[in-house]
Amino acid sequence: MLHRTLESPDAGPCFENHGYQPENFYLRCPPEAPSAYPAYPTQYNPSPVPQYIPRVLTHTSTPVIRPQPKSSSGIVCTSKAKKVLCITFAMGAILVGAVLAALLLRKFLDSKCLISGMECGSSGTCVSPLNWCDGVSHCPQGEDENRCVRLYGPNFILQVYSAQRKSWYPVCRDDWNENYGRAACRDMGYKHTYYSSKGVVDNSGAVSYMKLNASAGNVDLYKKLFHSDVCSSKTVVSLRCIDCGVTAKMTRQSRIVGGDSAALGDWPWQVSLHVQGVHVCGGSIITPEWIVTAAHCVEEPLSNPRYWTAFAGILRQSFMLYGYGKRIQKVISHPNYDSKTKNNDVALMKLQTPLTFNDRIRPVCLPNPDLMLKPTQTCWISGWGATYEKGKTSEVLNVAQVQLIKPGICSSKYIYGNFITPAMICAGYLQGSIDSCQGDSGGPLVTLKNSVWWLVGDTSWGSGCAKENKPGVYGNMTVFTDWIYQQMRGYVQGSSQAFGGEGNS
């Protein structure tokens with residue numbers, strides 16, 4: 001692994017990534033590389049920090065329209081009797097068409113919020129996923145703030161948001177059971193997965209809780225919850241919606257540029273994202289249906305999901321030519337992604353069919369709020385990127401150990417200055433030598449904490465590969481976790497039912 005681009009002092013970036021295609025698959029960089037973006041307005045001064053966009057040619061064929069021969073069996077209306085028959089046939093066809101149109105219209109009205117968000121049960125209006133559980137009521141009766149759950153800290157403590165008290169509270173373990181856990185997981189967007197619920201001692205400092213009213217009968221989970229200052233069991237719910245962050249025991253010290261090849265099963269969340277049979281970017285599995293990658297990987301024209309194929313559980317690129325990939329159903333870029341600065345550089349891919357987990361294919365855990373990493377936390381990066389600057393992508397998956405770099409250091413004028421935002425995190429070594437590189441974009445930056453592997457970032461950008469004082473820059477996954485859950489939840493709730501029920505107190 002190394003980094004992602006070649007630098008040009010006078011123009012936008014250009015890089016070559018031939019992968020496993022003929023040499024002319026990618027455009028060759030001319031002596032003076034043209035900008036990868038449309039021309040900037042004259043008053044705009046382009047960033048000196050290189051931007052990393054895969055230069056992939058996508059070929060769209062123009063449909064050939066051929067004249068259809070006249071049918072010899074068509075109805076020709078000549079005589080009076082035949083005219084009556086024609087009119088009757090035509091009226092029948094119109095009637096059938098009207099019925100079909102009515103059915104389609106009804107189906108559309110029933111699913112009108114599938115595109116724009118979730119329907120408010122009280123009014124029928126639609127609410128964008130970005131407005132769910134944001135502390136502001138957008139439904140007339142506040143339904144969009146009444147089913148808000150999250151996992152907190154390294155122990156996966158379940159917390160529920162109280163719209164009335166405007167705060168998050170842990171859930172007391174009293175009277176809790178697995179069915180409630182499944183319901184909470186579904187409301188976080190885990191459609192087909194559930195792992196476990198257990199009681200743990202709360203270390204968040206909470207002095208009050210959300211508690212179940214066991215006598216409330218067979219009603220919605222959130223209608224059973226009430227605010228309490230007493231928790232008899234003195235434990236709170238620890239909820240695991242998916243068995244994530246588990247890997248085979250690493251048999252050796254793995255290191256990308258400056259890294260070693262990975263062993264099968266060591267990094268089971270790593271995927272290779274292909275366009276036209278060529279590795280373009282990396283990604284990370286978070287559920288059987290969802291992959292996290294970088295938004296810059298899926299900029300136009302590569303925002304169309306039909307261009308992409310995801311390969312999981314395979315170490316060698318040459319083994320990915322046999323058609324075992326998963327097609328992509330949906331590509332979702334962060335709505336605030338900035339292609340010029342690479343701020344909010346994260347995207348989601350929804351697979352057409354879910355992955356089957358095994359020892360080689362498993363998810364990584366999304367970071368929970370209050371995960372509390374050290375400023376120089378040890379992390380690992382992985383990918384099929386180039387192993388030296390200006391090189392081609394690697395045949396094998398490589399892994400490297402890096403360290404987080406304090407934001408204050410990375411944003412100093414000697415490193416990247418004010419190009420570093422809160423949505424970015426730096427990792428590597430200031431002396432260089434080990435780094436991500438071209439072709440690693442979108443891939444994972446992970447760390448091990450509490451015996452669980454957490455997705456800390458996605459590979460975003462950098463200046464060259466493994467250069468002194470130019471470490472890798474990654475999307476800060478802790479900033480994106482809420483957005484990711486919003487998108488996942490949208491597909492689960494949007495396909496089932498509207499917000500409904502009364503709010504919890």
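In this predicted model, arginine 240 is placed over the face of phenylalanine 156. The distance from the ring centre is 4.1 Å.

Aromatic pairs were counted next. The count comes to 10. One of them joins tryptophan 380 and tryptophan 453, with ring centres 5.2 Å apart. Their planes meet at 75 degrees, so the pair is edge-to-face; the cut-off for that class is over 60 degrees. Tryptophan 380 belongs to strand β17 (residues 378–383), and tryptophan 453 belongs to strand β21 (residues 452–461). The pair therefore ties together parts that are 73 residues apart in sequence. Both tryptophan 380 and tryptophan 453 are buried. They also belong to one aromatic cluster, formed by Trp267, Trp269, Trp380 and Trp453.

Beyond its neighbours within four places in sequence, isoleucine 405 contacts Pro375, Cys410, Cys426, Ala427, Gly428, Tyr429, Leu430 and Pro471. Proline 471 is 66 residues away from isoleucine 405 in sequence. In space, the C-alpha atoms of isoleucine 405 and proline 471 are 8.5 Å apart.

Several loops carry backbone features of note. A cis peptide bond links glutamate 300 to proline 301, with omega at about 10 degrees. Proline 301 sits in the loop between β13 (290–293) and β14 (308–312). Methionine 372 is not a glycine, yet has a positive phi of about 60 degrees. It lies in the loop between β16 (347–351) and β17. With 59% relative accessibility, methionine 372 counts as exposed. Asparagine 450, also not a glycine, has a positive phi of about 55 degrees. Its loop runs between β20 (444–449) and β21. At 45% relative accessibility, asparagine 450 counts as partly exposed.

The protein chain averages a pLDDT of 77, and 69% of the residues score at least 70. Over residues 251–255, pLDDT stays under 50. For that stretch the model has 18 contacts beyond four places in sequence. Over residues 495–505, pLDDT also stays under 50. There the model has 41 contacts beyond four places in sequence.

Methods:
Residues are numbered from 1 along each chain as its sequence is written. This is a predicted model: local features need pLDDT of at least 70, side-chain atom pairs count only at pLDDT 80 or more; totals for chains, interfaces and linings use all residues. Side-chain values use heavy atoms; hydrogens and water are left out. pLDDT is the predictor's confidence in each residue, from 0 to 100. Contact means heavy atoms within 4.5 Å. Rings of Phe, Tyr and Trp (its six-membered ring) pair if their centres lie within 6.5 Å; planes under 30 degrees apart count as stacked, over 60 as edge-to-face and the rest as tilted. Helices (H or I, at least four residues) and strands (E, at least two) are DSSP runs, numbered from the N terminus. Buried means under 20% relative accessible area, exposed over 50%, partly exposed in between (1.4 Å probe, protein chains only). A charge sits over a ring if NZ of Lys or CZ of Arg is within 6 Å of the ring centre and within 35 degrees of the ring normal.
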